[in-house]
Amino acid sequence: MSAGTGPPAGPALGPDGRLRCPWVGVAADYCAYHDNEWAVPVHGEVALFERLSLEAFQSGLSWLTILRKRDAFRRAFASFRPAAIAVFTEDDIARLLADPGIVRNQAKIKATVRNARAVTELGEDLDSLLWSYAPDPGGHRAPRTLAELATRTPESEAMAGMLRRRGFTFVGPVTCHALMQATGMVDDHLVGCFRRDAC
């Protein structure tokens, strides 16, 4: 979820009386994602590959759309185990294109399969590789409003370049920054949000 769009806005009062990042709104599943997952450090090949894949599927869509389809994505993509997806065939791609539970975008589906193959060919740990691009927490200025949130950073540009060189697709700097936000590589909860510095 890249939350760097819209008018300047600070934390907003939720239905439970807590201040949250204003992109959350009032949807219960979005609140739960913000409160329990977004900016919480994520480790492990499968978990990080899932987040990278879902951020790519989110491109051009609402994150809430992807969040609500996440269980269907997991079923469709072998729980995001790269080794299992890497051997998907054209028949699997056809199956995915017919699956109404996911986003049926051929380019994104093929990118997920290609990226799974790239993971299996890395020759190193995906977790360590991605986290090596996390900025120094002490050098990251805490945002106060949505207007202060970056959509791309030098670190996300470097991560995107590295992933592309290694055969990944749909991994531009905006997608990589959204991945960094979602997996706790950066804490972009706004100052005043009850989750700020709690992750």
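This is a predicted model: local features need pLDDT of at least 70, side-chain atom pairs count only at pLDDT 80 or more; totals for chains, interfaces and linings use all residues.
Look at how much of the residue the surface can reach. Q58 has a relative accessibility of 15%, and because the cut-off for buried is under 20%, Q58 counts as buried. Now follow its side chain: the side chain of Q58 comes to 2.6 Å from the backbone oxygen of L61. If you set aside neighbours within four places in sequence, Q58 is also in contact with W63, I66 and K108.

Let K108 be your guide to the next stop. K108 touches Q58, and K108 is also one of the residues that line the largest cavity. Searching the whole structure turns up one cavity of 30 Å³ or more, and the largest cavity holds about 40 Å³ of space.

Who surrounds this space? The lining is made of L52, S53, A56, K108, A111, T112, N115 and F170. Two helices, α2 and α7 (106-120), each give at least two residues to that lining. The largest share comes from α7, with four residues. Sorted by class, the lining of the largest cavity has four nonpolar residues, three polar ones and one charged one.

Conventions
Residues are numbered from 1 along each chain as its sequence is written. Side-chain values use heavy atoms; hydrogens and water are left out. Buried means under 20% relative accessible area, exposed over 50%, partly exposed in between (1.4 Å probe, protein chains only). A polar contact is a pair of N or O atoms within 3.5 Å; within protein, one must be able to donate a hydrogen and the other to accept it, and residues adjacent in sequence count only if both atoms are side-chain atoms. Contact means heavy atoms within 4.5 Å. On a 1 Å grid over the protein atoms alone, a cavity is a set of points where a 1.4 Å probe fits but cannot get out, and a pocket is an open set with protein on both sides within 12 Å along at least five of seven lines; lining residues have an atom within 4 Å of a point. Grid points are joined across faces, edges and corners, and a volume is the space filled by probe spheres set on the points. Ala, Val, Leu, Ile, Met, Phe, Trp, Tyr, Cys and Pro count as nonpolar, Asp, Glu, Lys and Arg as charged, and the others, Gly among them, as polar.
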